Amino acid sequence: MSEPREPRAPQGQAGAPQGRPDEKAALRLGTRRSKLAMAQSGLVAQAVSQVTGRPVELVEITTYGDTSREHLAQIGGTGVFVTALREALLLGEIDFAVHSLKDLPTGQPDELALAAVPPREDPRDVLVARDGLRFEELPDGARVGTGSPRRMAQLNAYARNHGMTIETVAIRGNVDTRIGYVRSGELDAVVLAAAGLGRLGRIEDVTDFLSVDTVLPAPGQGALAIECAADNADLVAALGELDDPFTRAAVTAERSLLAALEAGCSAPVGALADLLADGQIVKEMRLRGVVGTTDGTTLVQLSTTGPVPETHDQAMALGRELAAEMLAKGAAGLMGERAH
């Protein structure tokens, strides 16, 4: 993250709002149009309005990831939900943007500041299965839908290690579409993120919360990223009031691992940093990482524990160190695997 710079002379399109915004003018929050993106942006809008005393209006922006019918692994994954929002920020069409942090490319553009990472929701993956089934109760040959090579790798590995036979099926679509595959009988189960269902008020659809010991989540899963122009020092400072230092340290370590593995957000990489407490005192941070082939036959899974990072560089170092160990164990050879 770049340090906030002094405001520069405004640039942008003809007709785009220029100069310092009026103190009470509405802040424009750029968001994807999906029901989930709108829900989580609405929550952020309320919080930003409280800390700034200004109204916040949602500006809906369609991204390539929303319109493409291809699977994320085929269109590259990295940045497909983010690029259009970032372009709108750079053009001055919006004042700030809200992303699912797991969609954010690991490289941060100098012109944009990651102003806040609010407290993280539940990072786990969940199962939505027919007949209220838990994962261990799925019948032999159960068809389990997910668009994520990371989930496929770990679900297939878990099934193989526990004498289960499942078929992972590549799917796309919003939450309603995915759960619809189960309701219609086309699939026995789908795997989704707990945080997304929680923000949509759909947690009652969950039939099983998958332990992170079974499936490590995507780096940054459950966390949001609030991004704005790096040269708008006032807005960077205001949005920064929503930042949670522990969440930021955790997701920074996870994303550093992902970057050091040179993997995009559609690669079969899972990572989770969590805080280890001794009573009420947080003593250490544990970072776990996994990479595997989508069929689950080969997994490299390691963890490291160290002092809770106090700086961005310390969090980055934690991720890089674990990535180096994973690469030494053969992780590099597993990166090219993609869902077909």
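Predicted model: local features only at pLDDT ≥ 70, side-chain atom pairs only at ≥ 80, totals over all residues.
Biologist: Where does aspartate 188 lie, and which residues is it in contact with once its neighbours within four places in sequence are left aside?

Modeller: Aspartate 188 is found in the loop that runs between helix H6 (175-183) and strand S8 (189-193). With its neighbours within four places in sequence left aside, aspartate 188 is in contact with Val128, Ala129, Arg130, Gly141, Ala142, Arg143 and Val182.

Biologist: Which side chain is joined to that of aspartate 188 by a polar contact, and at what distance?

Modeller: The side chain of aspartate 188 reaches the backbone nitrogen of arginine 143 at 2.7 Å. Aspartate 188 and arginine 143 are 45 residues apart in sequence, yet their C-alpha atoms are 5.3 Å apart in space. The side-chain partner of aspartate 188 is a separate residue, arginine 130, and this polar contact is 2.7 Å.

Biologist: How do strands S6 and S7 pair, and what is the hand of the crossover that links them?

Modeller: Strand S6 (residues 142-146) pairs with strand S7 (residues 166-170) in the parallel sense, over five bridges. Within this pairing, glycine 145 has valine 169 of S7 as its bridge partner. The chain passes from S6 through helix H5 (residues 149-161) to S7, and the β-α-β crossover is right-handed.

Biologist: What span should helix H9 have, and how far apart are its end C-alpha atoms?

Modeller: Helix H9 covers residues 245-260, which makes 16 residues. At 1.5 Å a residue, helix H9 should span 22 Å, and this agrees with the separation of its end C-alpha atoms, 22 Å.

Biologist: Why is H9 described as largely enclosed, and which elements do its buried residues pack against?

Modeller: Twelve of the 16 residues of H9 are buried, so the helix is largely enclosed by the rest of the structure. Among these buried residues are Thr247, Arg248, Glu254, Arg255 and Leu258. The buried residues of H9 pack against strand S4 (112-116), strand S11 (269-278), strand S12 (281-292) and helix H10 (312-328).

Biologist: Which residue makes a polar contact with the side chain of aspartate 274?

Modeller: Aspartate 274 has its place in strand S11, and it is buried, with a relative accessible area of 19%. Not counting residues up to four places away in sequence, aspartate 274 touches Glu284, Met285, Arg286 and Arg288. The polar contact, at 3.1 Å, is made with the side chain of arginine 288.

Biologist: What percentage of the contacts between residues at least 6 apart in sequence join residues at least 24 apart?

Modeller: The protein chain contains ten helices and 13 strands. Of its 340 residues, 52% are buried. Among contacts in the chain between residues at least 6 apart in sequence, the share that joins residues at least 24 apart is 72%.

Technical notes: Residues numbered from 1 in each chain as written. Heavy atoms only, no water. Helix = DSSP H or I, 4+ residues; strand = E, 2+ residues; numbered from the N terminus. Expected span 1.5 Å × (residues − 1). Buried < 20%, exposed > 50% of the residue type's maximum accessible area, 1.4 Å probe, protein only. Contact = heavy atoms within 4.5 Å. Pairing = 2+ DSSP bridges. Right-handed = clockwise from strand over helix to strand, strands pointing away. Polar contact = N/O pair within 3.5 Å; in protein donor to acceptor, adjacent residues only side chain to side chain.
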